[in-house]
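Biologist: I'm new to this structure, so please pick a single part and take me through it closely, along with whatever lies around it.

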Amino acid sequence: MLQGKTAVVTGANTGIGKATAMDLARRRARVILACRNKEKAEAAAYDIRKETGNTNVLFMHLDLASFKSVRDFAETFLKTEPRLDLLINNAGLMVGGKTEDGFGMAFMVNHLGHFLLTLLLLDRLKASGQSRIVNVSAKLHCLGSVDFSTLSTHKDLVSGQSLWHTFMAYCHSKLCNVLFTRELANRLEGSSVTCYSLHPGVVATELGRNIHFWMRLPMLIISKFFFLTPDGGAQTTLHCALQEGLEPLSGRYFSSCAVCNVSDMARDDGLAKKLWEVSERMCGLS
């Protein structure tokens, strides 16, 4: 039971995020759906309250593509919520384009927005005793890399906007999730907060909802036969959030509810540290 505990789940209005929030609500946690789309998130909160009988499920606006929105969310949260036990950085997308701050959309939403959010909420997590941060990554991090010169010239992990660039930007951003978790664990050593990254499995979600329908169609057909449901996809997230005794594994990457190997680049502590420092500068934290 999670009675008296508070969880924030980003991107909780659909897919794995909603399934994760539903499970936490069933366990009697206070669950905050941190989402961009008010209408969808309020509908999801209503569904979850109705399904679980837990009235402590609410929507708070968060647009990870905007530094201002992330800061506003954190400010509102810190004013209104006395504790934070679980921060589930679940939201993610595969899309091209730029944000209002001029960053690559996938880089900003999948990595930079969550990086800033986590750092702004870190003191509240520390003050709440044994708490956890869970970063939803993907197996595709293995195809990713971080090119700091592209990052400084384009404010993005890729130099173009083609479909290939969009796919690679997603892979690079998922590598950032693993590296961020690794460096975060180093910095949290000796505190009451632990963190984990994970591959949720190949899940039928709305991840590629911004990609052209005819390109999505084969994926939709295949997904009906081979992909996990969002409930299935949420299992590793929930394992990292709730399984007792995981503390010594802080910073590690999980798949199918077990510790899993990562790419060579994802094990590079120097790269993780440099990404942290660059991310701090980009977020205006240093």
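Modeller: Here is a close look at a strand and its surroundings.

This is a predicted model, in which local features need pLDDT of at least 70 and side-chain atom pairs count only at pLDDT 80 or more, while totals for chains, interfaces and linings use all residues. Residues are numbered from 1 along each chain as its sequence is written, and side-chain values use heavy atoms, with hydrogens and water left out.

Let's start with strand β1, which covers residues 6-10. Helices (H or I, at least four residues) and strands (E, at least two) are DSSP runs, numbered from the N terminus. Is β1 mostly covered or mostly open? It is mostly covered, as five of its five residues are buried, where buried means under 20% relative accessible area and exposed over 50%, with partly exposed in between (1.4 Å probe, protein chains only). In a regular strand the side chains alternate between the two faces of the sheet. In β1, T6, V8 and T10 sit on one side and A7 and V9 on the other, and all are buried.

Now for its neighbours. Two strands count as paired if DSSP finds at least two bridges between them. β1 pairs in the parallel sense with β2 (residues 30-35) over five bridges, and A7 stands opposite V31 there. β1 also pairs, again in the parallel sense, with β4 (residues 86-89), this time over three bridges; V8 faces L87 in that strand.

Zoom out a bit and you find an open sheet of eight strands with mixed pairing, in the order β3-β2-β1-β4-β5-β6-β7-β8. Its edge strands are β3 (57-61) and β8 (258-259), each pairing on one side only. Going on from β4, there is a parallel pairing with β5 (residues 131-136) over four bridges, where L87 stands opposite I133. Helix α4 (residues 105-127) packs on the sheet and touches β1, β4, β5 and β6 (193-199), with its direction at about 170 degrees to that of β4. Contact here means heavy atoms within 4.5 Å. Angles run from 0 to 180 degrees between N-to-C directions, and axes are lines fitted to C-alpha atoms, for helices over the stretch in contact.

Back at β1, the chain makes a right-handed β-α-β unit from β1, α1 and β2. Right-handed means that, with the strands pointing away from the viewer, the path from the first strand over the helix to the second runs clockwise.

That brings in α1 (residues 15-26), whose axis comes within 10 Å of that of α2 (residues 38-52), crossing at roughly 35 degrees. The contact is made by K18, A21, M22, A25 and R26 of α1 together with A44, D47, I48, E51 and T52 of α2. By class, that contact has five nonpolar, one polar and four charged residues. Ala, Val, Leu, Ile, Met, Phe, Trp, Tyr, Cys and Pro count as nonpolar, Asp, Glu, Lys and Arg as charged, and the others, Gly among them, as polar.
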